[in-house]
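Please describe this structure for someone who has not seen it before.

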Amino acid sequence: MKQRGKFRLFGHPVHPVITHFPMSLLPVSLLGDLLRVWIEASFWWSFSFYTLAIGLIMSIPALITGMMDFMSIPQKGAAERVAISHMTIMMTAIILYTASFFIRFGVETPSGWRLISSVSLSILGLIFLLIGGWLGGQLVYRYAAGSEPIIEKQNSGKSSL
């Protein structure tokens, strides 16, 4: 029988809900970066900076609830290996986005090495974010992490939903 995640609200696991914020805001910050480079309007750099900041802040509750769910995954199995990979890759993505945030920190729109570095780190962060998100999907859809156990009827051979 599969175990359910530890942190639930109204019967639903919280981690998958919270992850939508950093999973959307962090890539949108890269879109703002690219628009800033293409259009050269400082608004897009500010937009990018604040979406990145909010995405990083929202990654903290995602990390906490993810760790709580990780504790409920059966040890020494395939789900645990995928969960460790997911966690490692997602933390790498957050580190890359955090480095991008600190390079761009300040009032002025960066140029030169700061611009290239911050955008490059965001692109690398996006690659890791996509891979980690795919692994998170594997945990939910393949290993049913965080879902309710399915109870099979003994006599009829049919499972109840």
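Helix α4 has 27 residues, which at 1.5 Å a residue should span 39 Å, and its end C-alpha atoms are 39 Å apart, so the two values agree. The expected span is 1.5 Å times one less than the number of residues in the helix. Helices here are DSSP runs (H or I, at least four residues), numbered from the N terminus. Just after α4, Gly106 takes a positive phi of about 135°.

The model is predicted, so local features need pLDDT of at least 70 and side-chain atom pairs count only at pLDDT 80 or more, while totals for chains, interfaces and linings use all residues. Residues are numbered from 1 along each chain as its sequence is written, and side-chain values use heavy atoms, with hydrogens and water left out.

Side chains of opposite charge can pair when their charged atoms come close. A search of the whole structure finds one salt bridge, a term for a side-chain nitrogen of Lys or Arg within 4 Å of a carboxyl oxygen of Asp or Glu. Asp33 and Arg104 form a salt bridge through their side chains, at 2.7 Å from N to O. The pair links distant parts of the chain, 71 residues apart: Asp33 lies in helix α2 (residues 20-39) and Arg104 in helix α4 (residues 78-104).

The table gives the relative accessibility of some residues. Buried means under 20% relative accessible area, exposed over 50%, and partly exposed in between (1.4 Å probe, protein chains only).

| Residue | Relative accessibility | Class |
|---|---|---|
| Asp33 | 0% | buried |
| Arg104 | 0% | buried |
| His86 | 14% | buried |
| Arg36 | 17% | buried |
| Ile131 | 41% | partly exposed |

Two of the residues in the table also have listed contacts, where contact means heavy atoms within 4.5 Å. Not counting residues up to four places away in sequence, His86 touches His15, Gly132, Leu135, Gly136 and Leu139. His86 itself is in helix α4. Arg36, in helix α2, touches Ala41, Ser42, Trp44, Trp45 and Thr109, again leaving out residues up to four places away in sequence.

Ile131 is in helix α5 (residues 113-141). Together with Ile123, Leu124 and Ile127, Ile131 makes a nonpolar surface patch of about 320 Å². Patches are made of residues with over 30% relative accessible area and no salt bridge; like charges are joined within 9 Å and nonpolar side chains (Val, Leu, Ile, Met, Phe, Trp, Tyr) within 5 Å. Accessible areas come from the Shrake-Rupley method with a 1.4 Å probe, and for residues only the protein chains shown count as cover.

Conventions: Helices (H or I, at least four residues) and strands (E, at least two) are DSSP runs, numbered from the N terminus.
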